[in-house]
Amino acid sequence: MLDDFVVRAALAGVGVALAAAPLGCFVVWRRMAYFGDATSHAALLGVALALSLDLPIFGGVLVVALAMALIVSGLTGRTVSTDALLGVLAHGALAIGLVAVSVLPNQRVDLSAYLFGEILAVTKTDLAVIWGGAAVSVALLVWRWQALLSATLSPDLATASGVNPKREQLILTLALALTVAVALKVVGALLIAAMLIIPAAAARPFSRSPETMAIMAAILATVSALAGLAASFVFDTPTGPSIVTVAAILFALSAGLAPLLRR
Amino acid sequence: MSLISTNNLKLVLGGQIVLDGVSIAIERGEIVTIVGPNGSGKSSLLRALIGALKPAGGSITRAEGLRIGYVPQKLQIDATLPLTVQGFLNLPRRQDRAIVTSALNRAGVPDLAKRQMADLSGGQFQRVLLARALLNTPDILILDEATQGLDQPGAAAFYHQIEDVRRDMGCAVVMVSHDLHVVMAASDRVLCLNGHVCCEGTPEIVADAPEYRALFGTGTQGALALYRHEHTHSHDHTHKHEAP
């Protein structure tokens, strides 16, 4: 079954959807959209690093994404406004990554594969990495769920209840870097943030609790991955962007239905 | 032994010294109000007491096994986060249903368990925060301008609730407030803060202190006179303490 590239693509898409959606809920709740941007854009720099040092792409991306996530995470803890600074980091990382990949001496790199993903080229090894990474990321969130929610609501309140908000932030940072690293192959550096935020935002009107929102987001993300994959075959469109397009359509539908669902 | 005490406490926030040389002690069952102008370090002191802010100098001593209930200044719950009152009270640890119900009762909002946090009024929201602080039957309740954004009757009703809680649970209360007359009336002791402890004592003593007058003028004298008048009779709590 895994010999069929379509099956591998579908499994890869679902794996990324399941990891990204619950994490994306936290990104939305904590208003950290730029956090996702900066970290996922840094993935390209990780690709350049991996290629130049002849390391596995996954490892290079994980290291650089983690470094970027830690930097951003440290900055957002400050009291000064960091909006512009986060923007600089997000776009700077992308630009520097593009330059770095293009000046690599020994090879012509297919840039679009890293920018938009190449889900149809997912190998069995990729699949193992994606599902392994996704499982660790989801396990981190499940394990720390209550504490993460407390720290999201109010760092001071969390502290008063014996939860260390800095530690929870670090957990999220780790999960984010891991998710970025596994999602690169599937949706590409430019659209990872979309897979984090759009399903979560689309799930909001149907949710009365954080848990249902995370589950709804995971369902919507999975539907987006499968429908996007199918659409890319039917319409002969690039797969990564097709997946995000379906997610965006689901969001539009959900936002349209939201007024009807209120109370 | 005091529930919690600071010795020569120094707090630094963003490179600025906000408090220096603060030595205070909170005793079991007393209501202590901290007053002071904006930026005088009131909130920072409370955050240090709950352990959210590390001392840059001096020390904080807590009685062993001290249970603290904390009501923050304000809590912005993002509109994208769906959360019921019940769900909120079960963070970070799941609570017994009976404990949640009793905390909501004590806070004066018995019927809100199933409501969404985002749909609550300002007064209801603060009471839910109070209920949350009461979950672990605290030895000390710490409130940081808990009535910010409430109108005068709302604030008065809220402080009345605090007095009831103190009477029923016997916990000490430390609060920061700008509602000088309401708060002074309810306090055993007032602590006037402005980068350091300016003056402290019973409401009468603090209100007469030149340091306090220099900060707040004599404008609150009228309110305090009213307080003295109201409280010359026996303190039985069966009558209503409405704000003037």
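Predicted model: local features only at pLDDT ≥ 70, side-chain atom pairs only at ≥ 80, totals over all residues.
Q: Is Ser254(A) buried or exposed, and which residues is it in contact with?

A: Buried means under 20% relative accessible area, exposed over 50%, and partly exposed in between (1.4 Å probe, protein chains only). Ser254(A) has a relative accessible area of 3%, so it is buried. Contact means heavy atoms within 4.5 Å; neighbours within four places in sequence aside, Ser254(A) is in contact with Ala202(A), Pro205(A) and Phe206(A).

Q: Where does Ile197(A) lie, and what does it touch?

A: Ile197(A) lies in helix H9 of chain A, residues 192–203. Its relative accessible area is 25%, so Ile197(A) is partly exposed. Not counting residues up to four places away in sequence, Ile197(A) touches Val27(A), Val28(A) and Ala33(A).

Q: Over in chain B, how many helices and strands are there, and in what order do the strands of the open sheet come?

A: Chain B has nine helices and ten strands. Strands of a sheet pair through backbone hydrogen bonds, either parallel or antiparallel. Two strands are counted as paired if DSSP finds at least two bridges between them. Here six strands of chain B make an open sheet with mixed pairing, ordered E6-E7-E8-E4-E9-E10. Strands E6 (68–71) and E10 (197–201) of chain B stand at the edges with a single partner strand each, so one side of each has no neighbour in the sheet.

Q: How many bridges join E7(B) to E8(B), and how many join E6(B) to E7(B)?

A: Five bridges join E7 (residues 140–144) to E8 (residues 172–176) of chain B, and these strands run parallel. One example is Leu143(B), whose bridge partner in E8(B) is Met175(B); for Ile142(B), the partner in E8(B) is Val174(B). E6(B) and E7(B) also run parallel, joined by four bridges, and Ile68(B) has Ile140(B) as its bridge partner in E7(B).

Q: Which way do the residues of E7(B) point?

A: Ile140(B), Ile142(B) and Asp144(B) point one way, and Leu141(B) and Leu143(B) the other. Five of the five residues of E7(B) are buried, so the strand is largely enclosed by the rest of the structure.

Q: How many residues does the largest nonpolar core have?

A: Nonpolar side chains tend to be buried together in soluble globular proteins. A nonpolar core is a set of buried Ala, Val, Leu, Ile, Met, Phe, Trp, Tyr and Cys residues joined through side-chain atoms within 4.5 Å. The largest one has 149 residues, and those with the most contacts inside it include Phe88(B), Met117(B) and Leu143(B). A second, separate core of ten residues includes Leu180(B), Cys198(B), Ala209(B) and Tyr212(B).

Q: And how many salt bridges are there between chain A and chain B?

A: A salt bridge is a side-chain nitrogen of Lys or Arg within 4 Å of a carboxyl oxygen of Asp or Glu. The count between the two chains is two. Arg31(A) forms a salt bridge with Asp78(B), with the closest N and O atoms 2.2 Å apart. The contact takes 23 residues from chain A and 27 residues from chain B.

Definitions and conventions. Residues numbered from 1 in each chain as written. Chains lettered and ligands numbered in written order. Heavy atoms only, no water. Helix = DSSP H or I, 4+ residues; strand = E, 2+ residues; numbered from the N terminus.
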